[in-house]
Amino acid sequence: TESALAATQSLVFSDEPPLTAHNASIITLGGNTIAGCEQIDITFKRTQEGINTIGSSRVISDLVSGKDFAIELALTNLRFDSEAERDKFLAVGSSSFNLKLIDANSNYIDFVFPEIFYTTYDGPDLKDTDILKTPIVAIVTGDSANHYVEILNAYNKRYDTGATIVA
């Protein structure tokens with residue numbers, strides 16, 4: 001529902017620098033460090049379904065979340081440094097992925113996916129004088145207890161409950 005805000009609102013910005021690709025301290029595929037990759041997209045997908053119950057309101061009564069959940073990876077213009085990893089990709093096999101971004105204040109976000117499965121091999125894209133470009137698409141698989149994203153920053157509350165984190 002929507003409500004009017006009685007008090008004046010102010011926008012507050014964090015004095016912490018944002019984490020960017022230049023903060024990548026760990027980036028591995030199949031346990032091997034990736035030396036050449038232009039872009040990484042990590043997409044979290046969770047289907048949500050609104051349920052309207054019979055009544056005089058058009059407001060969604062309930063929201064069913066988590067019917068389908070998936071984590072997908074897309075790496076653009078990857079240069080393989082390992083023939084073994086390249087062979088897994090060509091065979092549309094399984095591997096692992098880890099990306100950790102950490103800033104000068106030791107704030108970080110760490111994507112740990114011990115099992116991924118390559119979903120496509122479209123072949124390299126060569127145009128005129130372009131270099132060989134290999135796009136990678138994969139989905140995170142395996143036991144959900146083993147893959148996770150860990151965040152450490154100055155915010156001392158849990159994101160799910162709002163409870164204060166005591167170190």
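Where in the protein does Ser-106 lie? Ser-106 is located in the loop between S5 and S6, where helices (H or I, at least four residues) and strands (E, at least two) are DSSP runs numbered from the N terminus. The structure is a predicted model, in which local features need pLDDT of at least 70 and side-chain atom pairs count only at pLDDT 80 or more, while totals for chains, interfaces and linings use all residues. Residues are numbered from 1 along each chain as its sequence is written, and side-chain values use heavy atoms, with hydrogens and water left out.

**Overall make-up**

- The protein contains one helix and eight strands, and from the N terminus on these elements run in the order β-β-β-β-α-β-β-β-β.
- Of the 167 residues in the protein, 23% are buried, a term that stands for under 20% relative accessible area, with exposed meaning over 50% and partly exposed in between (1.4 Å probe, protein chains only).
- Among the contacts with a separation of 6 or more, 63% are between residues 24 or more positions apart, a contact being heavy atoms within 4.5 Å.
- The protein exposes about 12000 Å², of which carbon and sulfur atoms supply 52%; accessible areas come from the Shrake-Rupley method with a 1.4 Å probe, and for residues only the protein chains shown count as cover.

**Strand pairing around S5**

- Strand S1 (residues 24–29) pairs with strand S5 (residues 94–102) in the antiparallel sense over five bridges, where two strands pair if DSSP finds at least two bridges between them.
- Within this arrangement, Ala-24 stands opposite Leu-101 in S5.
- S5 is also joined to strand S6 (residues 108–118) by eight bridges, and these two strands run antiparallel; Asn-98 has Val-112 in S6 as its bridge partner.
- S5 and S6 form a hairpin with five residues between them, and the turn includes Ser-106.

**Positive phi in the loops**

- Most residues other than glycine have a negative phi.
- Ser-106 has a positive phi, near 70 degrees, although this residue is other than glycine, and Ser-106 is partly exposed, with a relative accessible area of 42%.
- Val-92 likewise is a residue other than glycine with a positive phi, in this case near 50 degrees.
- Val-92 is found in the loop between helix H1 (83–90) and S5, and with a relative accessible area of 28% Val-92 is partly exposed.
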